[in-house]
Amino acid sequence: MNEALVFYVLATFSIISAVMVVFSCAVNSVLFLIMVFISVSGLFLLLGAEFLAMMLLIIYAGAFAVLLLMLPLMLNIKETYQHTAVKCSAFGVTVGLLLFSCLAFVLKVKPQRLENDVSLAVANNVKALGEVLYTDYAYLFQLCGMVLFVAIVGVIMLMIRNGMEIKEHKIAGQIIRSADEIELKQLTDGEK
Amino acid sequence: MVRAVLKNSTLNTMQQTAGGGFFRLVLEVDGENILKATPHIGFSHFGIEKLIENKSYINAVSLLNQEYALVLAIEKLLKIKPSKRAAYIRVLLAELSRIMSHLQTVVSIAEGAGNSTPSYYGAAVQEKIMEFLELAGGSRLHANCLRVGGVYNDLSYGLMEDIVKWLKKDFLCFLDNIDEKLTEDRIFKQRTVGIGTVSSENAIEWGFSGANLRASGSLWDLRKAQPYDVYDELDFEIPIGKYGDCYSRYLVRMAEMRQSVNIILQIIEKIPEDFMIILDDTVATDNEKTVLSHSSKNIDEDYNVPAGQCYESTEAPSGEFGAYLVSDGSNRAYRCKIRTPSFAHLQAVPHVLKGNKIEDINTIISSLGIEAGEVDR
Amino acid sequence: MIISEIIILLSALFAASVLLIYVERKLIAAVRLKKIARVYGLMQPIADAFKLFFNETILPRGKTQVAFMLLPVLFFTSIVACWAVIPVDEGVVLADINAGALFLVAMFFLSICLIVVIGWASDSKYAMFGALHSVAMMVAYELSAMLAIVCVLISSGSMRLSDIVNAQAEMWYCLPHFPMFVVFFIYALVRTNCPPFRMSESGNISDGEYSIEYTSVGYIFIAFARYVNMLLMSAVITVFFLGGWLPPFEVELFLLIPSVIWFGLKMSLCLLIFIFTKTAFPIYRYDNLVQFGWKMFLPFSLVWVIAAAGYTLVSATGKF
Amino acid sequence: MIDKGNINELAELVPITSLRNLVSDFKVTKGELFLNVKADSLVKTITFLKDDVNFQFEQLIDICGVDYLNREPRFDVVYHLLSISLNQRICVVVQVADKTPIPSAVSVYETAEWYEREVWDMYGISFFGNPDMCKILTESSFNDYPLRKDYPLNGSVKWSYDEKEQRLTAKSVDGII
């Protein structure tokens, strides 16, 4: 009873937040996205998937959302975003439908291995996840890593700017300087 | 499509200078880097020049090193010179307050780099110097002991011995301590070396003077080049920096403090015993009202200054401090323009800051020894 | 039941913070040759909090007022929540959950996220700059610190914090994982805002901290959260690297001392080092600091994780 | 190395160099050399003083205005130059009438900018060619030139904050002077 209550509260919360993500301005939508993550991680906890719940918080709410927040803050696109959201709605709906059909497909197929493997139920879920990830899905996992790597390189390339007058300092050169550079000189007059 | 215009953001900041005054600095930044900096001054302007024009000469006094140039200019117009002992006392007090000022700059460079602990040690030392100035002149911060024709009074008995004892024992220890803790500190070096570099040519072009000019490598010191009072009789060396960055400016100031100690020790040896304020008796016959003796009655009376104009400059701690005096023969200055070093240095701040990081602003501004009150006058 | 425990935890944290503030002021004053109040100085933080309570609350003009008021509380919660999983003694812990270490990491990330939002909600450029600084700096060290925790997890084989402590009965992890201990300690300095690894430069420096716009109650929460954070980081270091409540040697005399006191002693050692660094060093410049985090610590920690995992694997299976 | 040069030798150079066409008058008083120049030959003069090998005045120390109330033209603008390499000082004086702009020295000395702004702020002498000719020390709503001799020391208006209008307002306080 208690668990069911918590489930319904979290589920409603996450759905409402998810809807608000679409219908609010840039920064607010990211904040709602964080709420979605938090409530979904609560749902994971209810299922007993502690590792997944924490990972969701760490990766999405922690790292990912920080980056997402920086974007609208730095670019200051609070106002323009809302107009374009309407224009891009067709695109959004298409992507949404696509994702939903993927989910439906997965639910229908139901991977057999997860159902049957007894060891997974017994062992804690870190070990279980590790075994699945590094055996069956090893290549996909590596591919994800590659995608992230490319993204990092792309970001760094975007940030490199040429032609700006910025003073660079070499740390080694800075530390090597000593107080001996000061010369004591006499400013004598002509006779001396 | 989303079209965001990328604009550099501007920051409107209030900068605290080494001595505690404030001015406004508008920054245009790109991330961490300063693209443009515009100082706005005038927030502590109180019209000292107008006041000097409307007060008699005696009332136009301020901080010790600051009144020095004015006193010299008035003396030049009056064609008088202080007695040897008075001149030595002047130089001694000027060097003491130079130590105080350099110390303030040095600890505020450290504070700009994020370590405020040295400023507490510095405060104890400054307190001691202010005690000496109080014994010499009667007040702590505004020492107020220079007079036209000499000084306010002879140094009280035993004061010089106290100063020497303190300088030799405590102050040199303190300097060594700072050298040990700060000068060789890795992080301090990273915060000051190569920051705010000013080349020798630029330093001259941007109107630098004093320690900042010397840190850039120019051999120039008014105390030696155009000596006033008894500086030509004293033997001291001029520290010259190489690179003109914050670290050089810091080192030059540290070395100058040691030279000042050297100067004071020489003064104690050379100072003559007799105390008299006026030397040149001919002036007294020139103009009855300019009779200046050490009796306080005559000193506090007004005197007229012959008509004429002159420019006198002294080596104040932060640079060339000049006074351009126009007299019309009355007991008030017709025009007194005060040339402060900070005004010229602050004008160069936009050039120096350009391309540096936001975090370094404080280090750079304190290392230039800028004081907002001196800028505005 | 749980409510009374939470109240006990909060009051203990409050008392510890007050003591910490007093000791911090006293130590800094000692280093700087200043004189400050004696034992009565303990009342100062309480009086400060009381005074702040009656200060005027200043709200930003924009649409962010609700967030502005709520966020300090959330920030405070995200830090206090970490205390729920920290075992002070065998069995003395609010919630001894399986994934305790992960919970800590999640909360660390969440508090970073909240700092950005605090900067945004303040509706001021200076708070925003401060928040961006803090976050960039913390993220730069966060990953290496997480890898340091991963090393500990690999060695202990559990994510439950009390198991981690018990696994250190033979040897504290600060010895075999000494470089990781240093990494995590520096991360703690970054998080607790101690120079030379300070997140945001404040005082007379041009840009402020993320909390610059806060007054009154909001400021109380943020300031309190800071001290709780200092306590928390020292406790986390104690649990992960210094053997928690375990005495350093299994000597009869040491075993007589209650284990809570050992925990407290280790925490205060860490806190003393935090406070000492506050007065002794200048601050690294922001860009140097971030470079240091990304270019030195992260690759090194990665290598160390692989080495630790390899060693554990070899010693467990007995073959390469 | 650096000996203070003899100011009389420098003064002897004035009539024999190209300065003789630019300078209308010069005198040595109290060890200082004053050159009087016309406003239109000012820039040429200081350029020459900066570049010529005999003078080498690299630094502009100060620009200041002097108000001679009953004289015609009313103002003096005094340029103090310093030669670091030759250890010399020189004063260049320009006489200006009220409301007459004079050429700016910014093209020769960068530091002239703020000094000229200060003279403008205090005396109302404007400089053409200065990139940013605006007030520097007083606030923008202040319309007088305080260092002029006819500006009173005690103000006849008092500035105070008006609660109703939400701005600074000037109130007349007659009778104080």
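This is a predicted model: local features need pLDDT of at least 70, side-chain atom pairs count only at pLDDT 80 or more; totals for chains, interfaces and linings use all residues.
How many salt bridges does a search of the whole structure find over all chains? The search finds 35.

1. Chain A, elements. Ten helices and one strand make up the secondary structure of chain A.

2. Chain A has 192 residues, and 22% of them are buried. Its accessible surface is about 14000 Å², and carbon and sulfur atoms hold 72% of that surface. Among contacts in chain A with a separation of 6 or more, 52% are between residues 24 or more positions apart.

3. Interface of chain A and chain B, extent. The two chains bury about 2900 Å² between them, with 58% of this area on carbon and sulfur atoms. Chain A gives 23 residues to the contact, and chain B gives 41 residues.

4. Interface of chain A and chain B, specific pairs. Six residue pairs are in polar contact across this interface, both residues of each at pLDDT 80 or more. The count of salt bridges between the two chains is one. In this salt bridge the side chain of A:Arg177 meets that of B:Asp245, at 3.1 Å from N to O. On the side of chain A that touches chain B, helix H4 (78-87), helix H10 (171-176) and strand E1 (183-185) of chain A each supply at least two residues. The residues on this side of chain A comprise ten nonpolar, six polar and seven charged.

5. Salt bridge within chain B. B:Arg335 and B:Glu49 join their side chains in a salt bridge, with N and O 3.3 Å apart. This pair connects distant parts of the chain: B:Arg335 is in strand E9 (residues 333-339) of chain B, B:Glu49 is in helix H1 (residues 48-53) of chain B, and 286 residues separate them. Are these two residues buried or exposed? B:Arg335 has a relative accessible area of 3% and is therefore buried. B:Glu49 is buried as well, because its relative accessible area is 6%, and the cut-off for buried is under 20%.

6. Salt bridge between two loops of chain D. The side chains of D:Arg74 and D:Asp98 form a salt bridge of 3.7 Å, N to O. Distant parts of the chain are linked here too: D:Arg74 lies in the loop between strand E3 (59-67) and strand E4 (75-83) of chain D, and D:Asp98 lies in the loop between strand E5 (88-96) and strand E6 (102-103) of chain D, 24 residues apart. D:Arg74 is buried, at a relative accessible area of 10%, whereas D:Asp98 is partly exposed, at 28%.

7. The closest N and O atoms of D:Glu165 and D:Arg167 are 3.0 Å apart, and the two residues form a salt bridge. D:Glu165 counts as partly exposed at 44% relative accessibility, and D:Arg167 counts as partly exposed at 45%. In chain B, salt bridges with shared partners join B:Glu95, B:Arg98, B:Arg214, B:Asp221, B:Arg223, B:Glu256 and B:Glu315 into one network.

8. Cis peptide bond. Which residues does a cis peptide bond join? The residues are D:Glu72 and D:Pro73, and omega is about -5 degrees. D:Pro73 is in the loop between E3 and E4 of chain D, and D:Arg74 of point 6 is in that loop as well. Most peptide bonds are trans, which is a reason to look at this bond in the model.

9. Positive phi. Most residues other than glycine have a negative phi. C:Leu33 has a positive value, with phi near 60 degrees. C:Leu33 sits in the loop between helix H1 (2-31) and helix H2 (43-53) of chain C, and C:Leu33 is exposed, with a relative accessible area of 59%. D:Lys99 also has a positive phi, near 60 degrees. The loop between E5 and E6 of chain D holds D:Lys99, and D:Lys99 counts as exposed at 77% relative accessibility.

Notes. Residues are numbered from 1 along each chain as its sequence is written. Chains are lettered from A and ligands numbered from 1 in the order in which they are written. Side-chain values use heavy atoms; hydrogens and water are left out. Helices (H or I, at least four residues) and strands (E, at least two) are DSSP runs, numbered from the N terminus. Buried means under 20% relative accessible area, exposed over 50%, partly exposed in between (1.4 Å probe, protein chains only). Contact means heavy atoms within 4.5 Å. Accessible areas come from the Shrake-Rupley method with a 1.4 Å probe; for residues, only the protein chains shown count as cover. Buried area is the accessible area (1.4 Å probe) that two parts lose on being put together, summed over both. A salt bridge is a side-chain nitrogen of Lys or Arg within 4 Å of a carboxyl oxygen of Asp or Glu. A polar contact is a pair of N or O atoms within 3.5 Å; within protein, one must be able to donate a hydrogen and the other to accept it, and residues adjacent in sequence count only if both atoms are side-chain atoms. Ala, Val, Leu, Ile, Met, Phe, Trp, Tyr, Cys and Pro count as nonpolar, Asp, Glu, Lys and Arg as charged, and the others, Gly among them, as polar.
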